[in-house]
Amino acid sequence: MMNILNGGKHAENSVDFQEFMVMPIGAPTFAEALRYGAETFHALKKILSKKGYAVGVGDEGGFAPNLKSNDEACEVIIEAIQAAGYTPGKDIALALDPAASSFCEKGTYVLSKSGQGTKTSADMIAIYKNWVEKYHIVSIEDGFDENDWEGFKSFTAEVGNKIQVVGDDLFVTNSKFVDRGIKEKAANAVLIKLNQIGTVTETIDTINLCRKAGWGYIISHRSGETEDDFMADFAVAMGGGQIKTGSACRSERICKYNRLLEIEHELGKAALFGNPFKR
């Protein structure tokens with residue numbers, strides 16, 4: 001999950017949703033997947049620059065322009081995928097992390113940065129469902145507030161057979177919360193942050209819960225990252241086929257991608273690119 005456009009609390013701009021990511025679902029190897037993402041990232045820079053938008057980056061290396069709407073974020077990424085020579089939905093899909101807890105106030109969702117008004121959980125579900133079809137989105141993380149279990153459950157019931165519904169703030173890599181989520185069918189995937197729960201043992205326990213339930217799991221960075229690249233090795237060891245580690249710039253992000261390239265090279269023909277979204 002390569003973060004190429006930032007909003008929310010990760011950027012001082014007009015976009016409410018925190019992360020817009022590309023997922024190279026059609027790539028045959030990790031090296032090719034990284035190339036797909038990097039080429040799209042640089043195509044996006046050219047498009048934003050041509051439109052007169054700033055091309056500075058946010059906390060996780062994605063661009064942070066003042067766009068006209070949240071929708072435009074998806075539109076310019078689709079344009080970038082095509083400009084890089086790829087087919088949206090076939091070669092590269094989109095993934096979102098709205099981080100809805102950051103704009104939820106007293107049970108309603110306030111899209112104040114974009115000026116798109118106040119929304120209910122049902123309104124957010126309608127927005128996401130429309131976007132899934134329109135923008136080739138295959139994964140949505142934290143689409144609802146961390147306490148909005150009903151919103152998560154309703155959304156999963158409606159689209160869980162089509163896309164990945166990921167809980168991060170909802171589960172905080174805690175097996176007790178994940179166990180509840182599995183029982184209540186509140187999602188179908190978990191964002192895994194080792195330093196969120198605290199130990200490798202507890203992290204693996206949570207991953208094993210996901211495996212047993214048939215849920216997806218994504219090994220993830222944090223916003224305040226370092227150049228420690230252990231996360232790359234851990235992602236390979238856990239075999240979930242997904243990693244979320246930021247954009248194709250900033251050394252604390254690049255070092256994880258470089259380590260994954262090294263691992264694939266070291267393994268040679270024995271390397272398996274475990275892509276759960278391959279079509």
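Two strands count as paired if DSSP finds at least two bridges between them, and the helices (H or I, at least four residues) and strands (E, at least two) are DSSP runs, numbered from the N terminus. The model is predicted, so local features need pLDDT of at least 70 and side-chain atom pairs count only at pLDDT 80 or more, while totals for chains, interfaces and linings use all residues. Residues are numbered from 1 along each chain as its sequence is written, and side-chain values use heavy atoms, with hydrogens and water left out.

Begin by selecting the open sheet, whose eight strands run in the order β1-β2-β3-β7-β8-β9-β10-β11 with mixed pairing. At its edges stand β1 (2-6) and β11 (243-244), and because each has a single partner strand, one side of each is left without a neighbour in the sheet.

Next select helix α1 (residues 30-50), which packs on the sheet and touches β1 and β2 (19-23) (contact means heavy atoms within 4.5 Å); its direction makes about 15° with that of β1. Such axes are lines fitted to C-alpha atoms, for helices over the stretch in contact, and angles run from 0 to 180 degrees between N-to-C directions. Helix α2 (residues 70-83) also packs on the sheet, touching β1, β2 and β3 (93-97), at about 25° to the direction of β2.

On the β8 (residues 164-167) side, the parallel pairing with β9 comprises two bridges, and G167 is partnered by V190.
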